[in-house]
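Open the model in your viewer and keep the sequence panel beside it. The stops below can be selected one after another.

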Amino acid sequence: MKKEKCNLCGNDNCNYILTAPDRQYKNKILTKYYHCKNCDVFFQEKNELSPNIKNFYNNDYKPHKIKSGKVQKLINKFKNIFPQTTKLDRKAKKTIKNAKSIIDIGCGNGDFIYKIQQNYPQKMYYALDISPNAFNKIRDIKGINKIVSAFTKFNTTKKFDVITLWWYLEHSITPEEDLIRINKIISDNGLLIIGVPNHKSIARYLFKSFWYNLDAPRHINIFSPKSIRKFLYKNNFLIENITFAKSTLGLVGSIKQLLNLNNKLLIILLEVIFFPISIIISWLKISDLIIIYARKNK
Ligand SMILES: [Zn+2]
């Protein structure tokens, strides 16, 4: 087996973990993943694929869309009562309440910034995404600046009090460059909120290459609490808190992939069954989605 150098720390003592196909969009590609023993990140083999990663985001890429249909509306109502993947800790809520400017990088359909703006309309809001197909939820909402750009090409002299990266960093081919850029545009006491998949999770151990949040080939670096702490520290950020999401997405999504399930009712039944299990998993700190709160290390 060819030796791979870690994407994040450059260490060459890395173990081969698994090879996975594109299970979500069925692109004809196999991706190898390695584990760095030094910084604990899972990373994708560097190959000819990396510069062309854009080709693996189809026009119907789910995070850009708004799910519709009666059943989906019901699920959305339930999920709004118990927010699962972007539930913030108390301190972050307070910071957001007092913030003057907020930017969501890799905003997808814009759902997160939309919800915050509904609660606090009097702030400067920015939503950035590389794809013009994103922004579906906020396209016609006034008061949110929409920026179609790669984050690496986004030039601004503004400072932001809150910067959010929801399910972005694992997709980035330049995570270090991104953090250096964030350090420049965040206010001195600004809060950085990052949501990423966690490879130190029960779902990853159980489902291996069928793990929903592996999402090969779109996920390039997959963190753990230890690896994200090291990576942020190296780039002058200190972590204040890490929370473990109460989310059924990874578990049910993985079962769906493993058994090739398409029956919507069965999937809803699984969501209901796994909801209490996801709470226990979150208590045990082995969820496959984590939220990280960090500030500049001054
Ligand atoms: Zn490493």
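The tour goes from sheets to core, then to a helix and some single residues.

**Before you start**

This is a predicted model, in which local features need pLDDT of at least 70 and side-chain atom pairs count only at pLDDT 80 or more, while totals for chains, interfaces and linings use all residues. Residue numbers start from 1 along each chain, as its sequence is written.

Helices (H or I, at least four residues) and strands (E, at least two) are DSSP runs, numbered from the N terminus. Two strands pair if DSSP finds at least two bridges between them.

**Stop 1: an open sheet**

Select β1, β2, β3 and β9. These four strands form an open sheet in the order β1-β2-β3-β9, with antiparallel pairing. At the edges are β1 (14-21) and β9 (221-222), each of which pairs on one side only. Now keep β1 and β2 (residues 30-36): they are joined in the antiparallel sense over seven bridges. Cys14 stands opposite Cys36, which belongs to β2.

**Stop 2**

Move to β5 (residues 124-129). How many of its six residues are buried? Five are, so the strand is largely enclosed by the rest of the structure. Here a residue is buried if 20 or more other C-beta atoms lie within 10 Å of its own, exposed if 12 or fewer, and partly exposed in between, with C-beta atoms placed from the backbone.

Ser101 has Met124 of β5 as its bridge partner.

**Stop 2: the nonpolar core**

A nonpolar core is a set of buried Ala, Val, Leu, Ile, Met, Phe, Trp, Tyr and Cys residues joined through C-beta atoms within 7 Å. The largest one has 65 residues, and those touching the most other members are Val41, Phe43, Ile113, Ala127, Ile163 and Leu192. Strand β8 (residues 186-197) gives the largest share of this core, six residues.

Centre on Ile113. Leaving aside neighbours within four places in sequence, Ile113 has contacts (C-beta atoms, placed from the backbone, within 7 Å) that include Ile102, Tyr125, Ala127 and Ile144.

**Stop 3: helix α8**

Select residues 264-283, which are helix α8. A kink of about 40 degrees lies at Phe274, shortly before the proline Pro276; the bend is the angle between axes fitted to the seven residues ending there and the seven starting there. After α8 comes Lys285, with a positive phi near 60 degrees.

**Stop 4: single residues**

Go to Phe135, in the loop between β5 and β6. Phe135 is not a glycine, yet its phi is positive, about 70 degrees. Is Phe135 buried or exposed? Phe135 counts as buried, with 24 C-beta neighbours inside 10 Å.

Next, take the loop between α5 (202-207) and β9, where Pro217 is found. The peptide bond joining Ala216 and Pro217 is cis, with omega about 0 degrees.

Finish at Lys298, in the segment after β11 (289-296). Lys298 is exposed, with 7 other C-beta atoms within 10 Å. Asn236 is 62 residues from Lys298 in sequence, and their C-alpha atoms are 7.8 Å apart.

Terms used: Contact = placed C-beta atoms within 7 Å. Expected span 1.5 Å × (residues − 1).
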